[in-house]
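Here is a short report on one protein chain. Keep the sequence and the 3D view side by side while reading.

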Amino acid sequence: AFVLALILVGCIGFDLPKITDVTEGYPAAEAGLTAGDTILKLNGKKIHFSREVSFYMYFHSDEELDVTYERDGELHETHLIPKFNEEENRYMFGFSYNSLREKGGVFDTIKYGAYELKYWICTTIESLKYLITGVVGVNDLSGPVGIVKSIGDTYDASKSVGMFTVVMSMINMAIMLSANLGVMNLLPLPALDGGRRVFLIIEAIRGKRVNPDREGMVHFVGLMLLMGLMVFVMFNDIRKLF
């Protein structure tokens, strides 16, 4: 995933979270934010890409916001309270941000390549948190069928632009899937590598090996539960196709 991230960032650059416009009468303008400011943190969460702003705001649009931003090399902090827009029927802070990508040198490519990988790892972890807390439902899960459909939809949407866009889109999908699988495989669940690590930690604490038959049974039960989940997710993906 990191190697592909380096290729992606080296070819198309990175989307810095720069504010492009503020709306008068809304919290951002009243707090003194202006076009050109670069967002560095939202409620303590470090921000490197404009996508991270979008992801965070999607789930926290109605919450108060502590913003750390940079202007002319100096750091500033402000507190924003969202204002409800009746026409849009949603809470708004009144600022828009950059979605265009810009390129840098070798150092920037390596740095933002690492940030690209971090973005997908953190997005996967936060998505799992939202799934556990009920913010998103099991119907939002996708298995092999859903993944193939997403890849096909991405290809169809990008092929009209050109082969370069298709290749970059596929690399982006590969980064997401690789990071996603890496995180999922390390979860402390039976039948996964993360589950095996739990047993290794237990063995290290106890100073002796766990009964292999008992460990095998735990992994077997975990595997059956995972297979059941996969069947459910695959059925749900097929249902969405129709």
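## The second largest pocket

In this predicted model, the second largest pocket has a volume of about 280 Å³. Its lining has 13 residues. Met 57, Arg 90, Tyr 91, Met 92 and Phe 95 lie nearest the centre of this pocket. By class, the lining splits into seven nonpolar, four polar and two charged residues.

Which elements each supply at least two residues of this lining? They are helix 3, strand 7 (90-92) and strand 8 (95-97).

## Phe 95 and the nonpolar cores

Phe 95 has a place at the second largest pocket, among the residues nearest its centre. Phe 95 also belongs to the largest nonpolar core, which holds 17 residues. Within that core, Ile 39, Leu 42, Leu 65 and Phe 95 touch the most other members. Several elements give two or more residues to this core: strand 1 (19-22), helix 2 (27-30), strand 2 (38-42), helix 3 and strand 4 (65-71). A second, separate core has 13 residues, including Leu 8, Phe 14, Ile 175 and Ala 179.

What does Phe 95 touch, not counting residues up to four places away in sequence? The list is Ile 19, Asp 21, Val 22, Ala 28, Ile 39, Val 53, Met 57 and Leu 80. One of these, Met 57, also lies among the residues nearest the centre of the second largest pocket.

Strand 2 and strand 4 pair over four antiparallel bridges. Here Thr 38 has Glu 70 of strand 4 as its bridge partner. Strand 4 and strand 5 also run antiparallel, joined by seven bridges. Across this pair, Tyr 69 stands opposite His 76 in strand 5. The hairpin of strand 4 and strand 5 has two residues between the strands. In that hairpin, Asp 72 takes a positive phi near 55 degrees.

## The largest pocket

The largest pocket has a volume of about 1,700 Å³. It is lined by 43 residues. Thr 124, Leu 141, Ser 142, Asn 180 and Met 184 lie nearest the centre of the largest pocket. The lining divides into 29 nonpolar, 11 polar and three charged residues.

Helix 1 (2-12), helix 3 (50-60), helix 4, helix 5 (144-159), helix 6 (163-185) and helix 8 (212-241) each supply at least two lining residues. Which helix gives the largest share of the lining? Helix 4 does, with nine residues.

## The cavity

The chain has one cavity of 30 Å³ or more. About 50 Å³ of space lies in the largest cavity. Its lining consists of Lys 45, Glu 52, Phe 55, Tyr 56, Tyr 119, Cys 122, Thr 123 and Glu 126. By class, four of these residues are nonpolar, one is polar and three are charged.

Helix 3 and helix 4 each supply at least two residues of the cavity lining. Helix 4 gives the most, with four residues.

## Glu 116 in helix 4

Glu 116 sits in helix 4 (residues 106-133). Is Glu 116 buried or exposed? Glu 116 counts as buried because its relative accessible area is 0%, and the cut-off for buried is under 20%.

Which residues are in contact with Glu 116, leaving aside neighbours within four places in sequence? They are Ala 5, Leu 8, Val 9, Phe 49, Arg 51 and Asn 172. Among them, Leu 8 is also a member of the second, separate nonpolar core.

## The whole chain

The chain comes to eight helices and eight strands. Along its principal axes, the C-alpha trace spans about 65 × 45 × 45 Å. Of the 242 residues, 31% are buried.

Now take the contacts between residues at least 6 apart in sequence. Of these, 65% join residues at least 24 apart.

Note on methods
Residues numbered from 1 in each chain as written. Predicted model: local features only at pLDDT ≥ 70, side-chain atom pairs only at ≥ 80, totals over all residues. Heavy atoms only, no water. Buried < 20%, exposed > 50% of the residue type's maximum accessible area, 1.4 Å probe, protein only. Contact = heavy atoms within 4.5 Å. 1 Å grid on protein atoms, 1.4 Å probe; cavity = no way out; pocket = protein on both sides within 12 Å on 5 of 7 lines; lining within 4 Å. Points joined across faces, edges and corners; volume = space filled by probe spheres on them. Nonpolar A, V, L, I, M, F, W, Y, C, P; charged D, E, K, R; others polar. Core = buried A, V, L, I, M, F, W, Y, C linked by side-chain atoms within 4.5 Å. Pairing = 2+ DSSP bridges.
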